[in-house]
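Morning, everyone. Please have the sequence and the model open side by side. I'll keep this short.

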Amino acid sequence: MLYLGWRCPPSQRSSEASYFKPQAKVARVAERALEHNDEGVRGEVDSVSTLRSLAHNVKFRAKRYYLRRRNSQAADLQELWATALADELAYWRMWLATGGAHCPADYQFRLDPEAELQESITSQLDRIGARVRLLDVGAGPLTSVGKRWSGHDFSLTAVDALADEYDLLLDEFAVVPPVRTRRCDTEHLAKAFVRASFDVAYASNTLDHSYAPMEAIHQMVDIVRPGGIVLLHHRTNEAERQAYTGLHQWNFEWVDNDCHLWRPSKTWRLRDELVNQATVTGAKAHGDVTVVITKNS
Ligand SMILES: C[S@@+](CC[C@H](N)C(=O)[O-])C[C@H]1O[C@@H](n2cnc3c(N)ncnc32)[C@H](O)[C@@H]1O
């Protein structure tokens, strides 16, 4: 999977470039040739390595083209979603095995029971009040949300469609989460929680992975109280960037002061969808889209 840590600063995020690296064996031979300063071997290695890189590049692009065409036209998104769950689990296994892949600081933050709620979240909640019950949907095995908010009576609940599988992974790596993720599809929140039982529902880098993201947003609005906030934080046009591979099937884009949630066969405009229920504000910055949905009182 290309994705290597949503919370990583852009300079540390993985990129397609990693796909074009020469094979490790060729790189080792090349190193030896350079050590011995052998011009002949070096020339040969250079051309083999270039050819292999090219072949790898062409294969990668062909696969991407095929997947983009096939998946962006898929009729049954829930079926496609179910087949991609194994990729998601494989990613989190690698993430746990490596202590956070390229972002060990993020891994430590998620494990810290004293971690303060991030400014990127608190800055959107200035009128929420002193008591804050926050629900993180599609949270992953270790929620990315801070666990305390000074001066507030703060409680955090985390849910994810793969929570049962994540429990097995956490056991395997002997990790005890400060907040254990509970199993629930975002599309079915209302079955698991009483209406209006949260002050804030938060989704980070997850609704673009879900099979029915507009329904998921409606459910999030449903479970926050009147005046409560639904906060969405996603990378711009992630499915397009990831060529509709794995769970990446939907795009968030901030256009003409509204959030468009789309894929080739469908576009929802959030202001239209939530008219008479909530107000929608937001912004795009550094390749991310933040949407703040305030439920009508
Ligand atoms: C890329 S991870 C993001 C995890 C976490 N929000 C973060 O920012 O690190 C996407 C998560 O969304 C979950 N997910 C995908 N579709 C879902 C759905 N329909 N309902 C609930 N969780 C879902 C996946 O299982 C995965 O844990």
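One definition before we start: two strands pair if DSSP finds at least two bridges between them. Keep that in mind for Phe198, which stands opposite Val224 in strand S5. And a reminder: this is a predicted model.

Now the overview. The protein has ten helices and ten strands. It has 297 residues, and 32% of them are buried. Next, contacts. Take those with a separation of 6 or more. Of these, 65% join residues 24 or more positions apart.

Let's go to S5, residues 224-235. Why do I call S5 largely enclosed by the rest of the structure? Because nine of its twelve residues are buried.

Who are its partners? Strand S4, residues 198-204, pairs with S5 in the parallel sense, over six bridges. That is where Phe198 faces Val224. Strand S10, residues 288-295, pairs with S5 too, but in the antiparallel sense, over seven bridges. There, Leu231 stands opposite Val292.

How do we get from S4 to S5? Look at helix H8, residues 213-223. S4, H8 and S5 make a β-α-β unit, and the unit is right-handed.

Now the core. In soluble globular proteins, nonpolar side chains tend to be buried together. Here, the largest nonpolar core has 44 residues. Which of them touch the most other members? Val200, Ala201, Tyr202, Met220, Val224 and Val230.

Pick out Ala201. Leave aside residues up to four places away in sequence. Ala201 then touches Leu135, Val137, Met220, Ile223, Val224 and Val230.

Last stop: helix H3, residues 77-97. H3 has 21 residues. From first C-alpha to last, H3 reaches 30 Å, close to the 30 Å expected at 1.5 Å a residue. Is H3 straight or bent at Ala84? Bent, by about 35°.

Ala84 is also one of the buried residues of H3. What covers them? The cover includes helix H6, residues 163-172. Then, just after H3, find Gly99: its phi is positive, about 65°.

To recap: S5 has S4 as a parallel partner and S10 as an antiparallel one. Ala201 is among the residues that touch the most other members of the largest nonpolar core. And H3 bends at Ala84. Thanks, that's my part.

How values were computed:
Residues are numbered from 1 along each chain as its sequence is written. This is a predicted model: local features need pLDDT of at least 70, side-chain atom pairs count only at pLDDT 80 or more; totals for chains, interfaces and linings use all residues. Helices (H or I, at least four residues) and strands (E, at least two) are DSSP runs, numbered from the N terminus. A residue is buried if 20 or more other C-beta atoms lie within 10 Å of its own, exposed if 12 or fewer, and partly exposed in between; C-beta atoms are placed from the backbone. Two residues are in contact if their C-beta atoms, placed from the backbone, lie within 7 Å. A crossover is right-handed if, with the strands pointing away from the viewer, the path from the first strand over the helix to the second runs clockwise. A nonpolar core is a set of buried Ala, Val, Leu, Ile, Met, Phe, Trp, Tyr and Cys residues joined through C-beta atoms within 7 Å. The expected span of a helix is 1.5 Å times one less than its number of residues. The bend at a residue is the angle between axes fitted to the seven residues ending there and the seven starting there.
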